[in-house]
Structures are given as structure tokens and as C-alpha cells.
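Welcome, and please have the viewer ready. This report walks from the whole chain down to individual residues.

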Amino acid sequence: MPQLEPNLAGLAWFGLLWSVCCIGFLQLAGMYPLRGRAVLPVTMTTIVWVMLLAGTLAFALAELRWTTIVVVGGVLFLFLPGLFQALPEWWRDGRAGLRLSCCAMIVALALLVRVAAPSFHNWMT
């Protein structure tokens, strides 16, 4: 594996963060269109998701080979809907699930800031 991707720690972090992004996307996709839904919570969760997505991709581009990003990201995006379907319905399509998803994305965003700070500092200089 080190010959394919030398940064295994970065790969593990990308896998975790990308998984949260994919599950968050699937959860948010079920919330649109907003007819009959609370607009503010869905909008705020969408903003957090976009920030997490942008940060995860920036981290991946700074730390990993592009082939690794495509393969690992594609495999996770392909197989995570099966995991999403195994979650209880209240989590997939409810306000409690939306709050839980938003909290998970905020925690992932905090982890991203902590883990990716050295990468972004090196990338900017």
C-alpha cells in the first residue's frame, strides 16, 4: 500500500471525512425540496455540509495523490448508500436525524481543522 499511497494517515482521515460527507449528502438529499420542512435547519445543515466538503477536498488535494482521491472517494460514494439504508428511518428522514447529522458534520469539521492545519499551512507557503 505505501507504494500506491505513501500517506496512509492522510488516507485514513480522508476516508473518515469523505464518509461523513457522503452520508450527510444522502441525508440532505432527502430533505429537498423544502415543502413541508423547516427551512432554517436544512439550510444551516447544508452550509455546514458545503464547508465540510470543501475542506475535505482541499485536504485531500494537499495530502493525497489524485488517483487515490478518485478511487477511494468513488468506492466510498458507491457503497455508503447501502449503509445509509440500514440506518433507522427516523434518522434518514426526520428532524432528529437532521440534528444528529449536523452535529456529526460539525465534529468532522472540527477534526478536519485540527488534522489539516499543518497541511494547509504547508500548502499556502
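## Ground rules

Accessible areas here come from the Shrake-Rupley method with a 1.4 Å probe, and for residues only the protein chains shown count as cover. With that in hand, the accessible surface of the protein comes to about 7400 Å², and 74% of it belongs to carbon and sulfur atoms.

This is a predicted model, in which local features need pLDDT of at least 70 and side-chain atom pairs count only at pLDDT 80 or more, while totals for chains, interfaces and linings use all residues. Residues are numbered from 1 along each chain as its sequence is written, and side-chain values use heavy atoms, with hydrogens and water left out.

## The overall picture

The protein has 5 helices and 0 strands, giving the pattern α-α-α-α-α along the sequence. Helices (H or I, at least four residues) and strands (E, at least two) are DSSP runs, numbered from the N terminus. Along its principal axes, the C-alpha trace spans about 50 × 30 × 20 Å.

Of the 125 residues, 35% count as buried; buried means under 20% relative accessible area, exposed over 50%, and partly exposed in between (1.4 Å probe, protein chains only). Contact means heavy atoms within 4.5 Å. Among contacts between residues at least 6 apart in sequence, 81% join residues at least 24 apart.

## Helix α1 against α2

Two packed helices are described by the angle between their axes and the distance between the axes. Axes are lines fitted to C-alpha atoms, for helices over the stretch in contact, and angles run from 0 to 180 degrees between N-to-C directions. The axes of α1 (residues 8-29) and α2 (residues 39-63) come within 10 Å and cross at roughly 155°. The two helices are therefore roughly antiparallel to each other; angles under 35 degrees count as roughly parallel, over 145 as roughly antiparallel, 65 to 115 as roughly perpendicular and the rest as oblique.

The crossing of α1 and α2 is left-handed. That term applies if the near helix is turned anticlockwise from the far one by less than a right angle, and right-handed applies if clockwise. Residues making the contact include W13, L17 and G24 of α1 and W49, L52 and T56 of α2. By class, the contact has 15 nonpolar, 5 polar and no charged residues. Here Ala, Val, Leu, Ile, Met, Phe, Trp, Tyr, Cys and Pro count as nonpolar, Asp, Glu, Lys and Arg as charged, and the others, Gly among them, as polar.

## Helix α1 against α3

Helix α3 (residues 66-86) packs on α1 at an angle of about 45°, with the axes 9 Å apart. That makes α1 oblique to α3. The crossing is right-handed. Among the residues in contact are L11, G15 and I23 of α1 and V72, L76 and F84 of α3. This contact divides into 15 nonpolar, 5 polar and no charged residues.

What does G24 touch beyond its neighbours within four places in sequence? This residue of helix α1 is in contact with W49, S101 and M105. G24 is buried, with a relative accessible area of 2%.

L112 lies in helix α5 (residues 95-124) and is buried too, at 4% relative accessible area. Leaving aside neighbours within four places in sequence, its contacts include L17, L52 and F59. In the loop between α1 and α2 sits A38, partly exposed at 29% relative accessibility.
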